[in-house]
Amino acid sequence: MRDVAVVSVAQRQTKALTDTTEVELMVPIINEARGAVGLTQDDIGFTCSGSSDFLAGQAFSFVHTLDAVGAVPPISESHVEMDGAWALYEAWVKLQMGGVDTALVYSYGKSSPGSLKDVLCTQLDPYYLGPLWPDAFAMAALQARIMLESGAVSEQRLAEIAVRSLNGAVGNPLAVRSSAAATIDSVLAEAPVADPLRPSDCAASADGGVAVVLAAGDRARELCERPAWITGIDHRIDPHQPGVRDLTRAPSAHKAAAEAGVGADRLDAAELAAPFTTQEHILEVELGLGPQTAVNAAGGALAGHTMMAAGLMRIATAARHIHEGRADRVLGHGASGLFLQQNLVCVMEGE
Amino acid sequence: MSVDPRVLPAALSGEVRLPEKLAGVESVRSVRTPIRLEYDFIPGAASAGYLNAFADRKILGQRSPVDGAVFVPPRGVDPRHGAATPDYVELPDTGHVGGFCVTRLPIPGRDDLEIPYVSAWIHLDGADVGFLGLVAGIDTSEVRMGMRVRAVWKPDDQLGRTAENILHWAPTGEPDVPVDAAGTNAWHAKQAAGSGERA
């Protein structure tokens with residue numbers, strides 16, 4: 001295996017981008033990520049992005065966004081209709097194959113032009129679930145109810161996770177929701193949006209984008225003082241049909257974590273891309289995170305969730321912990337689909 | 001042992017047996033699941049500037065910070081380099097046909113369009129790339145690459161913040177632009193001279 005590291009990241013996240021197109025959003029972010037390590041597109045061996053046309057409401061919108069990269073002379077490029085975490089996985093595989101030493105990975109989501117809770121229905125099967133148009137909050141609430149009634153989690157625990165995000169997000173420029181004053185009591189006093197989920201149980205929806213530069217071997221050491229070496233990366237998927245799944249669990253997250261070697265050593269920080277407190281709890285259990293691991297210390301995805309970019313943003317944030325010397329071994333996580341159907345775990349270490 | 005992919009697995013090849021009370025009911029061959037999602041598109045900064053200027057009969061482009069190339073419509077970026085293009089350029093409403101196509105089929109919902117009609121790549125004077133327009137006021141057989149044209153605008157009281165303000169492009173009668181300098185030919189020649197790369 002080749003040693004591959006995250007050497008540069010740039011990200012932006014805000015409540016709603018009401019005067020900016022996806023292209024205009026990504027131009028400065030991509031230039032910042034490349035520029036921070038002194039690279040131009042000519043120096044990039046492979047480019048991969050993740051986004052969804054369903055958010056943009058435009059067919060092949062991701063092709064349009066290539067204008068933000070600069071594809072002259074023609075570049076080697078790919079796209080996944082998935083969270084950018086999976087674009088990073090594809091780029092990592094490409095680097096493992098050799099032939100290229102650098103990769104640009106980017107991802108973005110602008111759900112503000114449409115109704116995200118309805119757009120998400122399009123990921124359901126078109127015969128049985130899709131035609132019922134169950135909104136995303138209602139579906140998550142079904143899972144929450146099963147978890148609470150079965151004793152898989154308590155309301156107290158969910159409120160603790162909400163408070164951890166609200167308090168931790170204070171001062172984080174990427175967070176769109178934070179509160180220094182939030183307490184377990186104040187969260188439990190909130191009226192539910194979809195019973196039993198309260199507003200603070202649901203991630204604050206955001207628009208944003210993220211770009212990451214990967215490099216292999218000595219190239220990574222040249223570009224970055226302290227590269228975030230990817231020592232384990234894996235993604236797994238559970239069945240699409242929710243009826244056959246135990247909704248209090250996410251076996252795919254457990255398996256991905258095991259394959260990525262999460263438990264092999266002490267983990268300083270974990271950045272999880274769960275859009276609900278219930279799912280953040282499931283991930284903590286499935287990934288086997290203990291008290292020595294700081295989970296979503298600056299608010300995480302609950303404090304700002306950009307659909308299609310949340311996972312790559314978590315990996316980027318985790319990599320920064322290494323770059324800035326705050327941690328030696330970290331985890332970035334991405335998720336996709338209904339009830340954490342698909343999970344990607346990326347373990348990174350500093351030297 | 002190899003599996004013949006053309007043969008259905010046993011589980012799928014048997015006859016479907018319905019309960020007695022459903023005997024004779026017509027089987028479901030397909031379902032319709034209409035999807036309707038509404039979006040509020042925003043044009044973004046570059047396109048907003050472009051559309052706003054149309055209300056004043058102005059056509060705006062943007063200039064590349066890399067080599068000064070002028071793009072119209074502006075998209076906020078030089079797509080060759082991924083470089084932001086904050087500077088607007090006001091362009092005249094005259095140019096030439098860089099390429100065209102005669103269409104003899106109607107467009108659904110465009111009953112106002114007489115058939116045949118001419119779609120053309122209009123290269124404005126001062127712009128380095130073309131954009132799409134309708135050419136009218138001339139017999140379709142006489143439209144040619146390099147033909148000089150000018151915008152025909154809607155009356156002032158009908159102008160809005162939209163590219164629909166230009167009804168079509170009509171010939172000016174000026175001498176044609178030579179074909180080897182028409183369309184993107186001139187631009188590509190200029191780039192080749194500048195970089196020594198492209199032809």
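This note goes through a predicted two-chain model point by point.

1. **Ground rules.** Residues count from 1 along each chain as its sequence is written, while chains are lettered from A and ligands numbered from 1 in the order in which they are written. The model is predicted, so to speak of local features a pLDDT of at least 70 is needed, side-chain atom pairs count only at pLDDT 80 or more, and totals for chains, interfaces and linings use all residues.

2. **Confidence.** The predictor gives the complex an ipTM of 0.86 and a pTM of 0.92. Chain B averages a pLDDT of 90, and 95% of its residues score at least 70. Here pLDDT is the predictor's confidence in each residue, from 0 to 100.

3. **Chain A overall.** Chain A has 12 helices and 11 strands. Both are DSSP runs numbered from the N terminus: helices are H or I with at least four residues, strands are E with at least two. The radius of gyration of chain A is 19 Å, close to the 20 Å that the globule rule gives for 351 residues, so chain A is as compact as a globular protein of that length. That radius is taken over C-alpha atoms, and the rule is 2.2 Å times the number of residues to the power 0.38. The C-alpha trace of chain A spans about 55 × 45 × 40 Å along its principal axes. Buried residues make up 58% of the 351. A residue is buried if 20 or more other C-beta atoms lie within 10 Å of its own, exposed if 12 or fewer, and partly exposed in between, with C-beta atoms placed from the backbone.

4. **Chain B overall.** Chain B has three helices and 10 strands. Its elements run α-α-β-β-β-β-β-β-β-β-β-β-α from the N terminus on. Its radius of gyration is 26 Å, well over the 16 Å that the globule rule gives for 199 residues, so chain B is more spread out than a compact globule. The C-alpha trace of chain B spans about 80 × 50 × 40 Å along its principal axes. Buried residues make up 21% of the 199.

5. **Contacts by sequence range.** Two residues are in contact if their C-beta atoms, placed from the backbone, lie within 7 Å. In chain A, 79% of the contacts between residues at least 6 apart in sequence join residues at least 24 apart. For chain B, residues 24 or more positions apart account for 57% of the contacts with a separation of 6 or more.

6. **The A–B interface.** On chain B, 20 residues are in contact with 26 residues of chain A. Helix H2 (residues 44–54) of chain B gives the most to that side of chain B, with three residues. The side of chain B that touches chain A divides into 11 nonpolar, five polar and four charged residues. Ala, Val, Leu, Ile, Met, Phe, Trp, Tyr, Cys and Pro count as nonpolar, Asp, Glu, Lys and Arg as charged, and the others, Gly among them, as polar.

7. **Domains of chain A.** The assignment gives domain 1 (4–114 + 205–223), domain 2 (116–199) and domain 3 (231–349). These bounds come from an automatic or database domain assignment. The centres of domain 2 and domain 3 of chain A, taken over C-alpha atoms, are separated by 17 Å. In chain A, 27 residues of domain 2 are in contact with 20 residues of domain 3. Helix H6 (136–150) and helix H7 (155–168) of chain A each supply at least two residues of the domain 2 side.

8. **Cores.** The largest nonpolar core has 126 residues, of which Val105(A), Val212(A), Leu214(A) and Leu312(A) touch the most other members. Such a core is a set of buried Ala, Val, Leu, Ile, Met, Phe, Trp, Tyr and Cys residues joined through C-beta atoms within 7 Å.

9. **Backbone points to check.** Most residues other than glycine have a negative phi, and most peptide bonds are trans. A cis peptide bond joins Val72(B) and Pro73(B), with omega about -5°. The bond from Ile115(B) to Pro116(B) is also cis, with omega near -5°. Phi is positive at Asn296(A), near 45°. Asn296(A) counts as buried, with 26 C-beta neighbours inside 10 Å. Phi is positive at Leu340(A) too, near 55°. Leu340(A) counts as buried, with 28 C-beta neighbours inside 10 Å.
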